[in-house]
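Please keep the sequence and the model open while you read.

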Amino acid sequence: MSEEHSSESPPKDRISRRQFVAGAATAIVSAVVGGIVGSQAFPKTVTETVTREATKTLTSTATVSTTIPTTVVSTATKEVTKTATKEVTTTVTVTPTVKKTPIKNAMLLINPVKCTGCMLCAFACAEHWIKEEHPELAGDTINLEFSRIRPMRFQYVDVVNVCYQCRLEPYAEGSDKHPCEQVCPTGALHTVPEGEGKEGYYGNGYLWVDKDKCLGIDKCGRCLEVCEEQFGSGISYDPITKKAQVCSMCGGMPVCADACPEGAIEVVAPGRNGRVYAEPPEAKAELYYMKLFGVRRDL
Amino acid sequence: MAEAYGITGKIARIDLSKEKVTVIEPDIEVYKKFLGGATLGMYYLFKEGIVSPDVDPFSPENMLQVMLGPLNGAAPNNRSVFVTKSPYGFICLSFAGGQTAMKLRFAGWDGLQIVGKAKDPVYIAVIDDKIEIRDASDLWGKDTEEAEMELKKRVLAPIEYKDVSVLTKYDMTPQWVEIRPPDPEKTIGAKRLAGVWLIGPAGENKVWFANIVTEGFRAHGRYGSGAIAGSKNLKGIVVRGTKGQKLADKAKFLSIMNDIVNKEKQSYFWRSYGTAGIGYWEAVAKSGFPIRNWQWESWRDPRTAKALTGPFMDDASFVRKEACPGCALHCAYMTQITSKDPMMNGGITDMPDWEAMGMVGGNLGYLEMPGKTPSDPYTGDHFDQAEALAKTQYTTMLFDKFGMDFIEGGALIAFLMELRQRGYIGPEDLDGIDLKWGDVHAVDAIIRKIVKREGIGDVLARGLFETAEYFAEKKGKPEIVQYAQGCHRYAQPAHGTRSNKDRNPLEYVTVIRPCEHTGGGSGAFMKRDLAGAIKGQNFEAVTNSLVICAFASTYGGFYVEDNIIELVKAATGWTDFDSDAFNKVGERYYALGRLFSLHSLRIKDPIEDWDKTFPPRWFEPLPEGPYKGARSVYNGDPEAMLADLREYYKLRGWTEKGVPTKEKLEELGIADIAADIAKQWW
């Protein structure tokens, strides 16, 4: 029983006393209860034990890892760090992958205090979309231009630009469409209704660009213009086809939020019009300077 | 060249005099031999004859290069390096993090080489294949932070802006048009997707230790690359790339990369305060803190060091963290200065990091209470400690804004302060500025003089040793020069040599970037394990060629030889890149760097005229702290160090004088560019 799961449990010398006791206890229980139930219970118990320990550290993503030896904290000499790192490297991933469920009516909110501008969100996004839209390049190319989330550095603040799901207000503007959707002359930029579209990419009520209909930046560019003139900066263009790109929230399962090492990207369904969050990059940066440093700058 | 992976196979040669751009396509063997970054840059300095002592550093013939390695771009922890002949005449390899190197790779280049001199101030705009030389007259004289904000918005890729408005009222609903019609005047493209390298006023005025800066505070430190850019009338380089990077084995590359990032995420040390975390410990445990021009290396009262500890700085001033692309260590912290002094209050800067808190904080005497010495008990409270922090941050901010190196600069000002303390000079020698220990207003005034090269500032702008010789001659007192703390006529950075818990003085003598603190192998050096030290130095040399971060590699251990070799293979597809090739790159780096400085400075006897240029203080007893009385691992005997130095050269396979032999150069495959130079000392 316990042999069967030894590959999933931590290496012998790394098992803490608590883990060992918990594991042993489960093994006894499962021996009584029987095969199938026991085989599920064992890894689950280990997971819980490890999770409780891991909460003390910085783990924010689904991957659960063991705590860092505290020696790293107090003695960080070159040599000691090096040896300590060797211990750090023995990660134990026990958590089974949880099946993600798409979130409807959600948007991405970026915390400017937590964000370090490391661009891991953009790397993840670009990788996601190159597979979908340029499979011929996906095997050997990394190109941030395919990313729909675009961090921009304004020296001491980082602004992460992404679509904020703005909508027009019917009573004032005569439409409840997204502004970019409203000005699109060909209907290329449209909302894919809930329940339709490709899982993990588009659908579930999010924006999507039909590449066959889009006229591209050279001939058109209305979506970009209205977004940057009146709202934020959520539109980018494919560097190869020159067609518009917009965040489709990965159909409600955004990869950027998973990739963020700081937990700075939240996926929320705030139940209000996203346009209240939207600002063009420089305005957003100017506001962040006010929030973070208490100064007014003209960027 | 066939399809290139990792690298792009193209280097742009930009001639500012002729306003012409040509493309160089080096042979693949050149890449394999020199890898990229620092070593590839040095190869071109030899090949093009810049190494010759007849090429003046400030002449148009000198070549300023920014070079990338095969991992620059998609890999995390990447940096940029400027390679040129330093204003001091020796080799300039100067590194910084930031996003711009990644953007240059994504624009499709392996490096830029800038020669000639522009008639008027210019900046270079790189937008993928297109390279333009544009006017920068309006930005000349502006500080690094302000000028960068402006330059960034001037360079846009064709896919991110429209110069004519296409939106009309017919695209919108009538109600919408009524309240907010389209504005045809408003420009589209308010984005900041470009990266910038630029100089501040110090570089423009050719201060010898001026830096090339990016992102407001990330400086290509030391050795004066900024002055070389200034001598070419080059304000900056702005890069926007949309082409991405091709990798030979992307899946493998990403899996190693993810491993590294995941390990980084668990590093409490780096993720908490960066190098700000070592301040207290450098003082009380390692006793390697530069205090008052290295007269002390730790304080008697540990509380004095409290102001420069990570947690204290965090509580008092850290606002947020900032990372280089793909890095989960985020060693940089953005801070805001709070002080009762209106001159300093409200300034926005970064942490200070370890070198800044050492060379500016401890070295200028900011930490002690007024009238006290480092041997006195600390009498202040947390507000006094916060003022000491503010002074350090303010001075760092000035250096960054003007684009000037605070290691050489901090050492220079501390040297002047010690001369004043010992009565060699007074305010009358410094245009009326009274440089008392800890006086931030006097420091502010002298920095502004150096940047403008006004009055005495014109002398000081030539660095520590030139200044020392100037005062020695002016006062007729040759002993003044011994207070200049440094080696190879260049300032010692903030890691002490006397306690043998931080650095072995031999390390500073052997590194090829004069007196650098990031040469690698420090632990082995302190144990006098010279073979281990050479291995460490060669490793660091390879990371400098790749160009990856020392925090993530040498100091953090996230990159080791094995995963670097795998990463290079995955990026480039060079199946023959193995451990031997890896180490040879390090050996080439050391051979070329050593020969460059010796030849360029017309050194007759490498040991006597170059290696023996270390200060006597390295071997004097420590006056305070846990290692009181310590006089380095050599117990105060420079001859013992020189014996180790001879052993070191032997282990490197060099001559007794520390020159690579003919056989060594042939083994390394660099005899064609270096043998003619090396033979003068054989």
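**Briefing: chain B and its contacts**

In S16(B), B:Thr349 is the bridge partner of B:Thr335. This is a predicted model, in which local features need pLDDT of at least 70, side-chain atom pairs count only at pLDDT 80 or more, and totals for chains, interfaces and linings use all residues. Residues are numbered from 1 along each chain as its sequence is written, while chains are lettered from A and ligands numbered from 1 in the order in which they are written. Helices (H or I, at least four residues) and strands (E, at least two) are DSSP runs, numbered from the N terminus.

**Sheets of chain B**

- S14, S15 and S16 of chain B form an open sheet of three strands in the order S14-S15-S16, with antiparallel pairing. Two strands pair if DSSP finds at least two bridges between them.
- S14 and strand S16 (348-350) of chain B are the edge strands, and each pairs on one side only.
- On average, neighbouring strands of this sheet are turned by 25 degrees against each other, direction ignored.
- S15(B) and S16(B) run antiparallel and are joined by three bridges.
- Another open sheet has six strands in the order S2-S1-S6-S3-S4-S5 (chain B), and its pairing is mixed.
- Its edge strands are strand S2 (20-24) and S5 of chain B, each pairing on one side only.
- From one strand to the next, the twist averages 20 degrees.
- Strand S3 (residues 64-67) of chain B runs antiparallel to S4(B), with three bridges joining them.
- B:Gln65 has B:Val83 as its bridge partner in S4(B).

**Helix pairs of chain B**

- Two packed helices are described by the angle between their axes and the distance between the axes.
- Axes are lines fitted to C-alpha atoms, for helices over the stretch in contact, and angles run from 0 to 180 degrees between N-to-C directions.
- Helix H8 (residues 250-264) and helix H22 (residues 561-572) of chain B pack at about 150 degrees, with their axes 8 Å apart. That angle makes H8(B) roughly antiparallel to H22(B). Angles under 35 degrees count as roughly parallel, over 145 as roughly antiparallel, 65 to 115 as roughly perpendicular and the rest as oblique.
- On the H8(B) side, B:Lys252, B:Phe253 and B:Ile256 make the contact; on the H22(B) side, B:Asn563, B:Glu566, B:Leu567, B:Ala570 and B:Ala571 do. Two residues are in contact if their C-beta atoms, placed from the backbone, lie within 7 Å.
- This contact of H8(B) with H22(B) has five nonpolar, one polar and two charged residues. Ala, Val, Leu, Ile, Met, Phe, Trp, Tyr, Cys and Pro count as nonpolar, Asp, Glu, Lys and Arg as charged, and the others, Gly among them, as polar.
- Helix H12 (residues 354-362) and helix H14 (residues 406-421) of chain B have axes that come within 8 Å and cross at roughly 15 degrees. That makes H12(B) roughly parallel to H14(B).
- H12(B) contributes B:Glu355, B:Ala356, B:Met359 and B:Val360 to the contact, and H14(B) contributes B:Phe406, B:Ile407, B:Gly410 and B:Ala411.
- By class, the contact of H12(B) with H14(B) has six nonpolar residues, one polar and one charged.

**Domains of chain B**

- The domain assignment gives domain 1 (11-252), domain 2 (268-481) and domain 3 (505-681) of chain B. The bounds come from an automatic or database domain assignment.
- The C-alpha centres of domain 1 and domain 3 of chain B are 30 Å apart.
- In chain B, 39 residues of domain 1 are in contact with 33 residues of domain 3.
- On the domain 1 side of that contact in chain B, H2(B) gives the most, with nine residues.
- That side has 22 nonpolar, ten polar and seven charged residues.

**Chain B against chain A**

- Chain B has 66 residues in contact with 65 residues of chain A.
- The side of chain B that touches chain A has 27 nonpolar, 20 polar and 19 charged residues.
- Strand S2 (residues 141-142) of chain A pairs with S13(B) in the antiparallel sense over two bridges.
- Opposite A:Thr141 stands B:Lys246 in S13(B).

**Backbone details**

- The peptide bond joining B:Met351 and B:Pro352 is cis, with omega about 5 degrees. B:Pro352 lies in the loop between S16 and H12 of chain B.
- A cis peptide bond also runs from B:Leu546 to B:Val547, with omega near -10 degrees.
- A:Cys250 is not a glycine, yet has a positive phi of about 45 degrees.
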